[in-house]
Amino acid sequence: MTNRAVALCAALLIGLVRAALLGASALASEPIGPTPATGSLARPLSAEPEMDVLSGAGAVPRARTVGPKPRPVARSRVARRATRVPVVAGTGSNYPGTAGFIGAATVALPSAMGGRYTGAVQGHVTVCADRCVRLPAVDWCQCHWGEAEQRVVDLSYAAWELVSDRPLSAGLVEVRVILHDPALAAAWRRG
């Protein structure tokens, strides 16, 4: 960068800082109520400084702003991103379905991953192959667990068609299973 470009950047930066300082002092001295020149209402400064929601308890107050406060980011979304969700990669297979759920897009999980049969949905997982789909876990499978040909999920025929472009006759597909459900994640951590 040439000396002239550096000098221009420095002058621009100084000018921006001066404008910001002059603008802030001008806003603080604006009247609250209709002004004779414009007839419009000036907005008062907010009484409390806004807090940076993302930085947590030791948040540093930001500069006062004119106008309504922006809506803060929900802390629950921030907290969810920070938690570790188990992701199990491996081989998925297919099966006709589970009694009571025949024709539905469901999965059976190995018992080590929280799979069990009660006749009801035990939780939900996201299965990714060619596409990712959130599916209910309704059954368990032995899935050759602990053996060389181990499976991490058994997909019903309907579920297979949702996550894979391969034909059912292929029988196996590489998948990732994301255990969002707290009960299934806890079973996986224990297993």
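These legends go with close-up views of a predicted model.

**View 1. The barrel, strand by strand.**
Follow the strands around and you get a closed barrel of six, in the order β1-β5-β2-β4-β3-β6 and with mixed pairing. On average, neighbouring strands in this sheet are turned by 45 degrees against each other, ignoring direction. A helix comes into the picture too: α4 packs on the sheet and touches β1 (87-95), β2, β3 and β4. The direction of α4 makes about 75 degrees with that of β3.

**View 2. Where β2 meets β4.**
Here we zoom in on one pair of strands. β2 and β4 run parallel, and four bridges join them. Look for P110, which stands opposite C141 in β4.

**View 3. The C128–C132 link.**
A search of the whole structure turns up two disulfides, and this is one of them: C128 joined to C132, with the sulfurs 2.0 Å apart. The link is right-handed, with 115 degrees about the S-S bond. Is C128 buried or exposed? C128 counts as buried because its relative accessible area is 4%, and the cut-off for buried is under 20%.

**View 4. The C141–C143 link.**
The handedness here is left, with -90 degrees about the S-S bond. Both cysteines, C141 and C143, are buried. If you number the bonded cysteines of the chain in sequence order, the pairing reads 1-2, 3-4.

**View 5. The largest nonpolar core.**
Nonpolar side chains in soluble globular proteins tend to be buried together. In this model the largest nonpolar core has 21 residues, and those with the most contacts inside it are V107, L109, V127, V153, L155 and V177. Which elements give two or more residues to this core? They are the strands β2 (107-110), β3 (123-128), β4 (132-141), β5 (153-156) and β6 (172-178), along with the helices α3 (157-163) and α4 (182-190). Another core, of six residues, lies apart from it, with F101, A108, V138 and C143 among its members.

**View 6. Around L155.**
Leaving out residues up to four places away in sequence, L155 touches S93, N94, Y95, T106, V107, V127, L135, W160, V163 and V173.

Conventions: Residues are numbered from 1 along each chain as its sequence is written. This is a predicted model: local features need pLDDT of at least 70, side-chain atom pairs count only at pLDDT 80 or more; totals for chains, interfaces and linings use all residues. Side-chain values use heavy atoms; hydrogens and water are left out. A disulfide is a pair of cysteine sulfur atoms within 2.5 Å. Buried means under 20% relative accessible area, exposed over 50%, partly exposed in between (1.4 Å probe, protein chains only). A nonpolar core is a set of buried Ala, Val, Leu, Ile, Met, Phe, Trp, Tyr and Cys residues joined through side-chain atoms within 4.5 Å. Contact means heavy atoms within 4.5 Å. Two strands pair if DSSP finds at least two bridges between them. Axes are lines fitted to C-alpha atoms, for helices over the stretch in contact, and angles run from 0 to 180 degrees between N-to-C directions.
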